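Trainee: Could we take a close look at one part of this model together? I would like to see how its pieces are arranged.

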Amino acid sequence: KLMKVFVTRRIPQEGMKILSAAGVCEVCLWDSDEPVPRSELLKGVQGAHGLLCLLSDKIDVEVLDAAGPNLKVISTLSVGFDHMALDEIKKRGIRVGYTPDVLTDATAELTVALLLATARRLPEGVEEVKNGGWSSWKPLWLCGYGLSGSTVGVIGLGRIGMAIARRLMPFGVKRLLYAGRRVKPEAAELNGEFVPLDTLVSESDFIVVSCSLTPETQGMCDKAFFSNMKNTAVFVNSSRGAVVNQEDLYEALKSGQIAAAGLDVTTPEPLPTNHPLLTLKNCVVLPHIGSATYSTRGIMSALTARNLLGGLQGTDMPSELTF
Ligand code: GLV
Ligand code: GLV
């Protein structure tokens with residue numbers, strides 16, 4: 001008898017092909033580009049042996065209970081896993097697959113693009129061209145901040161943080177600071193200095209947040225954090241929105257306490273179109289597209305399917321989360 005798998009969204013065909021070719025599971029797909037309603041998720045997982053989900057699906061006790069004792073594996077199409085109740089998942093002996101490494105380059109590239117777009121005010125410039133605000137070449141107009149000679153601080157120098165740092169250094173960055181749980185030997189190749197968070201915040205011209213969301217990092221970027229930043233510094237976050245206290249960020253941007261912010265992640269997602277942050281010219285918000293290249297999403301889809309199959313069949317998963 002085929003095992004049941006619930007897939008919470010349309011995903012790139014690469015993964016779907018792998019699942020059907022394996023011939024071990026019957027796939028129930030929420031056949032839409034929009035999120036599965038909670039009630040449909042709770043129905044869809046009933047009796048499932050495998051769950052293929054996204055970072056926007058909250059996988060909590062209620063979902064695990066709804067799935068029941070068959071559930072062997074949860075495979076998420078993401079590197080982040082803060083949307084899953086890992087303690088409960090562990091208690092039930094369920095294995096978890098995720099997608100590290102394959103999205104590192106795409107996400108680092110997007111973060112660099114966001115940093116440059118924010119620091120050099122690209123969205124404002126594009127807007128001015130369209131709305132007639134471009135009246136002449138003006139010496140004092142649309143000036144921003146450059147990387148050359150700057151100090152960059154990366155909070156969370158993991159796989160993605162390191163890939164961001166590697167891409168930024170050739171722009172002429174003078175000093176690389178990083179903060180996090182521990183010293184990273186690989187930072188030596190970039191002369192990265194492990195410093196206390198406070199030091200990183202007060203000395204950096206660009207702050208890039210690339211840490212995972214945990215109880216320790218939740219709300220880490222708050223009023224005290226922004227007050228400690230230089231008035232000329234640019235803040236960029238491509239990790240998880242909840243690392244930032246958005247009211248405090250709004251105040252810091254509005255008052256000129258910091259120069260600008262670029263966010264690929266927010267709370268909530270999507271950010272309501274009437275959100276105060278969207279009224280600020282010095283805030284660039286993207287809709288969580290760090291890993292969004294055709295190629296990367298295809299590879300993520302395939303990896304997510306292979307992780308799922310490994311979990312279903314009790315064999316190796318190419319990227320199993322150990323927790
Ligand atoms: C994106 O945020 C991911 O976790 O893959
Ligand atoms: C800019 O275009 C310059 O020529 O300085």
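At roughly what angle do the axes of helix α1 and helix α11 cross, and within what distance do they come?

Mentor: Happy to! This is a predicted model, where local features need pLDDT of at least 70, side-chain atom pairs count only at pLDDT 80 or more, and totals for chains, interfaces and linings use all residues. Residues are numbered from 1 along each chain as its sequence is written, while chains are lettered from A and ligands numbered from 1 in the order in which they are written.

The axes of α1 (residues 13-22) and α11 (residues 294-313) cross at roughly 30° and come within 7 Å. Axes are lines fitted to C-alpha atoms, for helices over the stretch in contact, with angles from 0 to 180 degrees between N-to-C directions. Helices (H or I, at least four residues) and strands (E, at least two) are DSSP runs, numbered from the N terminus. The two helices are therefore roughly parallel, a term for angles under 35 degrees. On the α1 side, E14, G15, I18, L19 and A22 meet α11 residues including G298, S301 and L309; contact puts C-beta atoms, placed from the backbone, within 7 Å.

Next comes the open sheet, with five strands in the order β2-β1-β3-β4-β5 and parallel pairing; two strands pair if DSSP finds at least two bridges between them. At its edges lie β2 (25-29) and β5 (95-97), each pairing on one side only. β4 (residues 73-76) is joined to β5 by three bridges, and S75 has G97 as its bridge partner in β5. α11 also packs on this sheet, touching β1 (3-7), β2, β3 (50-53), β4 and β5, and its direction makes about 175° with that of β4.

Definitions and conventions:
Parallel < 35°, antiparallel > 145°, perpendicular 65-115°, else oblique. Contact = placed C-beta atoms within 7 Å.
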